[in-house]
Amino acid sequence: MQADVRQMLKLCHVDTHYGPIQILRDVNIDINMGEITCLLGGNASGKSTTLRTIMGMVKPTSGTIEFDGERIDGLSIQQLVKRGISMVPENRRIFGRMTVRENLEMGSFLRSDRSGIREDMDRVFGLFPRLKERVGQLGGTMSGGEQQMLAMARALMSRPSLLLMDEPSMGLSPLFVQQTFDIIQEISRQGTTIFVVEQNANMALSIADRGYVLQTGEIVLDDTAANLRENKMMRQAYLGET
Amino acid sequence: MTNSKLKLGIRMGAYGGVATIYLCLVGIIETFSDRDIITGIISLGHTLLFLTALVTGYLNMQQVDKLINPAHQVVEKAPKPKDTIHSAVAGIITGISLVILVLVLDRFNIRDMLVNASPKLFELLLLEKGVTPTMVSLLPFGQGLAAGMLRLVVFSTVLGLVGGTLYLLPPTRRRSIMLGIAMVVLLGLLSDLMRIALNKPGWSEGFYKLIYTGRGLSSQGAVITLVATAAITSAWRYIPDSYTRVISVITAWLPTWIRITLASLLSVSLLLRLAWFLGIENVYPPILPDCPGLITSNISLTNCTEWISQGLSAPQESTEGGLASSAPAVSAAITLADSLMLLGIAASIFLLLVRTVQMSMSSDIQKWPAPPLQKLERAQRLVTLYLGVAALLFIPGVVGVYPSEVLVMVGLYVVMGLGLNIVVGMAGLLDLGYVAFFAVGAYSMAVLTTVDASVGGAQLSFWGALPLVVVITGIAGLLVGAPVLRMRGDYLAIVTLGFGEIARFLALSDWFKPALGGAQGIIKIPDIHIGGVEFVGPQKLYYLILVSCLIAYFITARLKDSRVGRAWGAMREDEQVADVMGVNTTAYKLLAFAMGALIASVSGAIFAAKLGTIYPHSFNVQVSITALGLLIVGGIGSLPGVVVGAFALVGLPELLREFSEYRMLFYGAAMVIMMLVRPQGLLPSARRGHKLQGNERDQDDWMRIAAESEAAGSESSG
Ligand SMILES: Nc1ncnc2c1ncn2[C@@H]1O[C@H](COP(=O)(O)OP(=O)(O)OP(=O)(O)O)[C@@H](O)[C@H]1O
Ligand SMILES: [Mg+2]
């Protein structure tokens, strides 16, 4: 490993339960600063649960999570957002009866630096020009694709250093998927570390630096994206080869 | 097509029949028949009976219109006059339904089952009571059962026909007729109120005598109302324009110093009147205390100086103390301000007239002045605000005691509604036990201030106790909020409903009897004072309520557009995501409960001081239901909607005492109708309306497209 790679997030032996049911088993994930890391896996394998565990929405039953070298498991969501983690939830879940602008303002809820917020607003409008045209529209009346853009823009409004995304390509047309991934790369180029959960393994591995594969709550593969694309088991299970 | 129209007519007629029979058997027709709308011509009960037939005919025509012309696109397809025959059919069916009811009443005794199927109802239905003989003699079929039934059918048919015709009239004409009818009914209903307000010496007495008979409208009163309504509705669209024009003329042509002087004189005169009303005597001094004297040249300036000197030398050692001793001085000051103001107004009008004449003589094209738009808008806003404030301030003295009492009730519910709007409308927490906070407010005020030594003992004044009351109730809000933090939707509703009842049972219980008085409640709660002014009686309490409403309105309006309001909005939309955005949903939920509680506590505190005595049973679930209902009627989340809803659900039933028996029925009907016709509420907040209307628009588009493709299909096949 090169010396200049810094670890941003580190999951060590994380177990997560919902009540008595164990979902994550001994999960270890390292996310390097400035990289795009992807998490692949079948339905119900625990991908969203992993993100929810990082985000503090469920507490891990054992193991540790470190962010920038400090333990963050046990912190409240607000503290995590303040430290620079933000999340694009599964299924977009924008605020339907709020306008685009108000949705974005909710994204910067914990910030009070007005000029910085305005800067970031301009920045996301640069990434998503379509949102700028529709600042006054109610979120609920936007199309599915537009809602996905809004969800991503909203997450960026807290100026995160680590952006968690849960299936950003879900339900989008191929053209829109391509655009979305272009934008993810652009966000990464602007300096945000990205951890993305995807079903679309091909697409995800084409932009990612590293990949993890989760199966029934256990990490079964862990390698660079390039290696994963070549991995035989990977190709059979997720890349549609027989 | 004709066949389906006929079927429609029969179906609508059957609906109308069921509705009328329902009204009869519930007892509404009979109860309401004791009240005149137009004396000697028609009672409220019969108005209702006939209105049903009219509405049936109208709605039938609307359905016919929808049937033959689905998207309101093709003019040629619009219903024709001959289609009114179907409305007549609907009317006939409604009439026949009533005839069946009459026959049943005649043959069988169903009174054991249906208490309201009384002999009086029977007579009412045969038009032997409650309507004028002239009306019956229009159709002289003679006496007896058969003749009565025939009359019933003929009346219903004609009314169905009229209803159908009404639908076909051009919209403006239709609107003025319908408004005219509504006004007649409304004025008839308000006759008791008008008697109190108008039937007193002065100009208003003549007006009252002209329109009313003492029990209802007089026949010429009804005609005048109809004509006046028609005139006003047709002139309506000119009113805003002329208002703007008057203001623009005044701003452009009257020098600023004159405007300012006039406005100050007016304010002085108004404020002095208010001081008089609150501090000295419970009536307003008339415009120019000695107005007739003034006209009969007993004229002013000498008089005024006399009054003033009287005022100045008024005996200060008067035992009544306070403001009352300065009555002559205030009266003199009012006279002075009034005379100066009238002089000023006369002079300004003269000035303006001169300018107008000058303008029309000169060949200048631009006859009317056009001050800069910004200035004009500001002036208009100021004038409107001024008029609005003046109107709000003078309502209680003008309308009298009973309407002020109603306004006080409405105001108490406006405050409560604004508080509940925070919890339900803004934060999305469905609270059915809101009465608990109202009760805590009332009871803590009672305990802290009562002079009855057996309970309480603090014996604070209202103002001393109020901060404590607010704090106590705020804490109660937190206590209720804490256990329900993790509940949502229906669970939350049920649990809070329980809390509301618990509050009442605690107040009732023997356990708390030493502190809260048990079923006997707490007595001897003192009145509210500010300085020398004692706020007793609805006319004075009104001001207190008005101020609380304004404060509550201001607070909630500010909250709505604040960071807190946005956090509540996000929480209402999606609690989990709000959490992810960094909203501390626990804290904000508690804050919503506490804010809602402390606003309700103010309402409760004034309620306690107003009554002087409170009992547990004043705080039942009906209070919560009314508060929630007024939000729904007004439009959840909308602040003006709260005010409108309070007037509709609290004011209206208070005004119409007969309704009290049917209050719950009225609420239920209002809710159902709202949900069907206007689910977003009367005055929806922008976004909710936007959403629902958006859906409606989609639907309309969809229907139009469907209709077009259908038309295209039939063309190609034909
Ligand atoms: N709140 C919960 N309570 C109980 N079980 C849960 C809860 N949330 C998720 N689960 C279970 O945990 C397992 C993993 O869920 P998770 O949402 O992490 O899957 P996923 O990998 O994101 O799947 P998908 O690709 O379908 O989104 C599933 O079996 C699910 O039923
Ligand atoms: Mg998932």
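Colleague: Which domains does the domain assignment of chain B give?

Modeller: Three stretches come out: domain 1 (2-168), domain 2 (254-366) and domain 3 (401-684). Those bounds come from an automatic or database domain assignment. This is a predicted model, where local features need pLDDT of at least 70, side-chain atom pairs count only at pLDDT 80 or more, and totals for chains, interfaces and linings use all residues. Residues are numbered from 1 along each chain as its sequence is written, chains are lettered from A and ligands numbered from 1 in the order in which they are written, and side-chain values use heavy atoms, with hydrogens and water left out.

Colleague: What makes domain 1 of chain B and domain 3 of chain B a contact, and how many residues does each give?

Modeller: Contact means heavy atoms within 4.5 Å. The C-alpha centres of the two domains lie 42 Å apart, and the contact takes 7 residues from domain 1 of chain B and 4 residues from domain 3 of chain B.

Colleague: What area is buried between domain 1 of chain B and domain 3 of chain B?

Modeller: About 610 Å², with carbon and sulfur atoms giving 64% of that. Buried area here is the accessible area (1.4 Å probe) that two parts lose on being put together, summed over both. On the domain 1 side, B:T31, B:F32 and B:R35 supply 63% of the area buried against domain 3 of chain B, more than any other three residues.

Colleague: How many salt bridges does the rule find across the interface of domain 1 of chain B and domain 3 of chain B?

Modeller: The count is 0. The rule wants a side-chain nitrogen of Lys or Arg within 4 Å of a carboxyl oxygen of Asp or Glu.

Colleague: Which elements give two or more residues to the domain 1 side?

Modeller: In chain B, α1 (2-26) and α2 (28-32) do, and α2(B) gives the most, with 3 residues. Helices (H or I, at least four residues) and strands (E, at least two) are DSSP runs, numbered from the N terminus.

Colleague: Now the two chains. What makes A:E105 and B:R566 a salt bridge?

Modeller: Their closest N and O atoms are 3.4 Å apart, so the pair falls within the 4 Å cut-off. Across the interface of chain A and chain B the rule finds 3 salt bridges, along with 6 residue pairs in polar contact. On the chain A side, α2 (77-83) and α3 (100-107) give two or more residues, and α3(A) gives the most, with 4 residues.

Colleague: How much area is buried between chain A and chain B?

Modeller: About 2200 Å², 60% of it from carbon and sulfur atoms. Each chain puts 22 residues into the contact.

Colleague: Why is A:H13 called partly exposed?

Modeller: A:H13 has 48% relative accessibility, and buried means under 20% relative accessible area, exposed over 50%, partly exposed in between (1.4 Å probe, protein chains only). So A:H13 counts as partly exposed. This residue sits in strand β1 (residues 7-18) of chain A and has a positive phi of about 50° although it is not a glycine.

Colleague: And why does B:K524 count as partly exposed?

Modeller: Its relative accessibility is 47%, so B:K524 counts as partly exposed too. B:K524 lies in the loop between α22 (513-516) and β3 (528-530) of chain B, with a positive phi of about 55° although it is not a glycine.

Methods
A polar contact is a pair of N or O atoms within 3.5 Å; within protein, one must be able to donate a hydrogen and the other to accept it, and residues adjacent in sequence count only if both atoms are side-chain atoms.
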